[in-house]
Amino acid sequence: MRVDRYADAGDFLGAAESWLSADEVANNVMLSIARSLADGTRTLTEPPYFAAVTEGGEIDCCAIQTPPHRILLTHGTPRGSAALAADAFEARGRVPGVIGPGAATASFAEEWLRLAGGQARVSMRQRLHKLERGTVIPSVRAVFRFGASLKRVGCSVGILARLAPRRRCGPAGQTRSHAVQTFLGFSARSR
């Protein structure tokens with residue numbers, strides 16, 4: 001197995017983008033980070049880490065790190081993940097953690113601990129979901145009525161308000177709930 005380290009995101013994408021794109025659902029975070037660094041949308045204050053493990057000319061797995069964040073891994077063989085751990089240890093010496101598929105992170109952590117010592121623990125388990133098919137719901141003609149029905153809608157507004165991103169809430173000082181109510185075309189304060 002051979003580990004190739006890349007000096008910048010453009011070189012990394014040149015080598016690994018087509019392989020990463022073949023499983024875009026699993027690799028979308030790595031692709032997004034690398035693309036935003038390559039096109040200048042995102043800048044860093046510390047040098048990033050980009051690496052790919054190849055065997056027989058084929059990519060086995062990849063890793064990136066944008067300090068101070070954790071190393072991000074792709075799926076790969078245990079040997080490939082261990083090779084990335086050894087290379088990252090040589091390049092970085094210390095990292096705050098690793099994120100990736102369970103088997104890949106376990107192999108990475110095992111090799112890292114062999115080199116650096118210490119202990120590892122799982123801090124969070126996550127899962128990806130892919131929507132492959134949806135059902136189109138036909139539009140419904142309706143009129144929103146204020147009054148008693150507002151109480152029934154209030155629960156939905158509360159849920160939407162919690163889901164509304166903080167950075168897209170409208171004018172400064174506007175609450176998320178108010179922003180969602182404004183988006184829905186009514187204000188609970190009007191009644």
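The model is predicted, so local features need pLDDT of at least 70 and side-chain atom pairs count only at pLDDT 80 or more, while totals for chains, interfaces and linings use all residues. Residues are numbered from 1 along each chain as its sequence is written, and side-chain values use heavy atoms, with hydrogens and water left out.

## Salt bridges

The structure holds six salt bridges. The term means a side-chain nitrogen of Lys or Arg within 4 Å of a carboxyl oxygen of Asp or Glu.

| Pair | Closest N and O atoms |
|---|---|
| Asp 87 and Arg 5 | 2.7 Å |
| Arg 35 and Glu 17 | 2.8 Å |
| Glu 55 and Arg 79 | 3.4 Å |

Helices (H or I, at least four residues) and strands (E, at least two) are DSSP runs, numbered from the N terminus.

Take Arg 35 and Glu 17, which form a salt bridge. This pair links distant parts of the chain, 18 residues apart. Arg 35 sits in helix α2 (residues 24–38), and Glu 17 in helix α1 (residues 9–21). Arg 35 is partly exposed at 32% relative accessibility. Glu 17 is partly exposed too, at 27%.

Next comes the salt bridge of Glu 55 with Arg 79. Glu 55 lies in strand β2 (residues 49–55) and Arg 79 in helix α3, so the pair ties together parts 24 residues apart in sequence. Glu 55 is partly exposed, with a relative accessible area of 40%. Arg 79 is exposed, at 52%. Elsewhere, salt bridges that share partners join Arg 5, Asp 87 and Glu 90 into one network.

## Around Asp 87

Which residue forms a salt bridge with Asp 87 at 2.7 Å? The partner is Arg 5. The two are 82 residues apart: Asp 87 is in helix α3 (residues 78–92), Arg 5 in strand β1 (residues 2–6).

Is Asp 87 buried or exposed? Asp 87 is buried, because its relative accessible area is 11%. Arg 5 counts as partly exposed, at 40% relative accessibility.

The side chain of Asp 87 also has a polar contact of 2.6 Å with that of Tyr 49. A polar contact is a pair of N or O atoms within 3.5 Å; within protein, one must be able to donate a hydrogen and the other to accept it, and residues adjacent in sequence count only if both atoms are side-chain atoms.

Leaving aside neighbours within four places in sequence, Asp 87 is in contact (heavy atoms within 4.5 Å) with Val 3, Arg 5, Tyr 49 and Ala 51.

How values were computed
Buried < 20%, exposed > 50% of the residue type's maximum accessible area, 1.4 Å probe, protein only.
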